[in-house]
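My entries follow in the order in which I made them.

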Amino acid sequence: MKELVFRYHNQQIKENEKTLLCGILNVTPDSFSDGGKYFQRDVAIKKGLELIQAGANILDIGGESTRPGSVYVQIEEEIQRIAPVIKALKEQTDIPISVDTWKAEVAKAAIEAGADIVNDITGFLGDPAMAEVVGQTSAGAILMFNPVIARPEHTSSKAFPKFGGEGVYTDAELSANVERDVLELMMDFFDRGIQRANTAGIENDRLMLDPGIGFGLTKRENLILIQQIDQIHRKGYLSFLGVSRKRFVQNILEENGFNTDIHSEEGFENRDLASSYLSAIAVLKRVSIVRVHQIPAHKMAVAMASSVAMAESEADLNFGAYQNK
């Protein structure tokens with residue numbers, strides 16, 4: 001069977017390599033306390049370098065919040081938030097940078113500023129010009145499954161903002177999608193995005209697929225998509241997974257009696273610790289990149305799980321007795 005590869009510019013990521021950590025860098029007003037753009041930019045650059053120093057292999061930079069209840073950010077405003085940060089970081093580091101946007105004009109400006117990958121949470125279906133913009137470059141793209149576009153009338157989708165996607169599905173399809181099996185719905189969604197990519201001249205090995213955890217999904221659906229993420233690999237693509245601090249993680253902790261109060265140190269740390277356990281599972285599921293807020297716990301989880309996953313290549317060491325000190 002052909003080895004799966006993801007390419008961007010003249011670089012590539014191969015399957016069965018160690019899972020990479022993608023640090024989240026949100027350049028949005030609700031991410032930094034000061035409302036001034038210069039301060040946000042300065043703090044964002046500093047934070048990006050700190051993520052790299054902590055062990056991030058990739059940075060994912062976004063200028064628009066897409067959580068439930070968030071509002072649309074105008075294109076020029078989004079560009080002004082992220083392009084200077086990307087440019088400044090590229091002058092100080094050579095690690096790859098992905099831009100978290102679903103808007104073609106923002107993606108174009110980000111690539112011109114130095115972004116290597118477009119992380120499109122609408123899987124090329126939100127903005128009809130996105131595939132063409134990426135296709136005119138050698139950048140890679142991450143296509144995320146977005147149930148908010150595929151079934152906007154589903155209860156879990158209604159709290160989210162609109163992500164474009166007009167005309168992608170017929171009214172009859174949108175109605176049927178509400179009751180459709182989530183794995184079947186995800187694969188059909190990917191097929192539509194991949195078709196747009198291929199039409200724009202983007203080869204399949206420049207695409208990576210993301211199951212879209214936390215976007216308009218029920219708790220059960222989130223867990224099933226993680227459990228069945230190998231279906232993406234069987235489809236012929238490497239996978240990208242973002243579960244860090246998602247609401248269902250908090251729900252599982254609450255159900256099991258753990259502190260989840262983000263205003264307490266223990267509750268805040270518990271969210272990241274629980275998220276890191278999912279990163280360990282992701283390694284064993286052969287996920288290529290995990291997108292995370294906090295690096296150290298995830299770095300440790302990936303290191304331990306990678307040693308299990310790649311046991312045959314580990315040193316055959318003999319251990320002596322513990323030394324009393």
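**Cores**

I looked for nonpolar cores first, meaning sets of buried Ala, Val, Leu, Ile, Met, Phe, Trp, Tyr and Cys residues joined through side-chain atoms within 4.5 Å. The largest one has 85 residues, and Ile-61, Phe-124, Phe-145, Phe-190 and Leu-207 have the most contacts inside it. Helix α7 (residues 182-199) gives the largest share of this core, 9 residues. I noted another core apart from it, of 12 residues, including Leu-4, Tyr-8, Ile-117 and Met-208.

The model is predicted, and I kept to its limits: local features need pLDDT of at least 70, side-chain atom pairs count only at pLDDT 80 or more, and totals for chains, interfaces and linings use all residues. Residues are numbered from 1 along each chain as its sequence is written, and side-chain values use heavy atoms, with hydrogens and water left out.

**Phe-124**

I listed the contacts of Phe-124 (contact is heavy atoms within 4.5 Å). Leaving aside neighbours within four places in sequence, Phe-124 touches Met-130, Ala-131, Val-134, Ala-141, Leu-143, Gly-193, Arg-196, Ala-197, Ile-202 and Leu-207.

Helices here are DSSP runs (H or I, at least four residues), as are strands (E, at least two), numbered from the N terminus. I took buried as under 20% relative accessible area, exposed as over 50% and partly exposed as in between, with a 1.4 Å probe and protein chains only.

Helix α3 (residues 104-113) is mostly covered, with 7 of its 10 residues buried. These are Ala-104, Val-106, Ala-107, Ala-109, Ala-110, Ile-111 and Ala-113. I found them packed against α2 (75-92), β5 (97-100), β6 (117-120) and α4 (130-135).

In helix α10 (residues 247-255) I found Phe-248, Val-249, Gln-250 and Leu-253 buried. Their cover includes α8 (219-227) and α11. Just after α10, Gly-257 has a positive phi of about 80 degrees.

**Helices α11 and α12**

How do α11 and α12 cross, and at roughly what angle? The axes of α11 (residues 265-284) and α12 (residues 295-309) come within 8 Å and cross at roughly 25 degrees. Axes are lines fitted to C-alpha atoms, for helices over the stretch in contact, with angles from 0 to 180 degrees between N-to-C directions. α11 and α12 are therefore roughly parallel to each other, the class for angles under 35 degrees.

Methods:
Angles under 35 degrees count as roughly parallel, over 145 as roughly antiparallel, 65 to 115 as roughly perpendicular and the rest as oblique.
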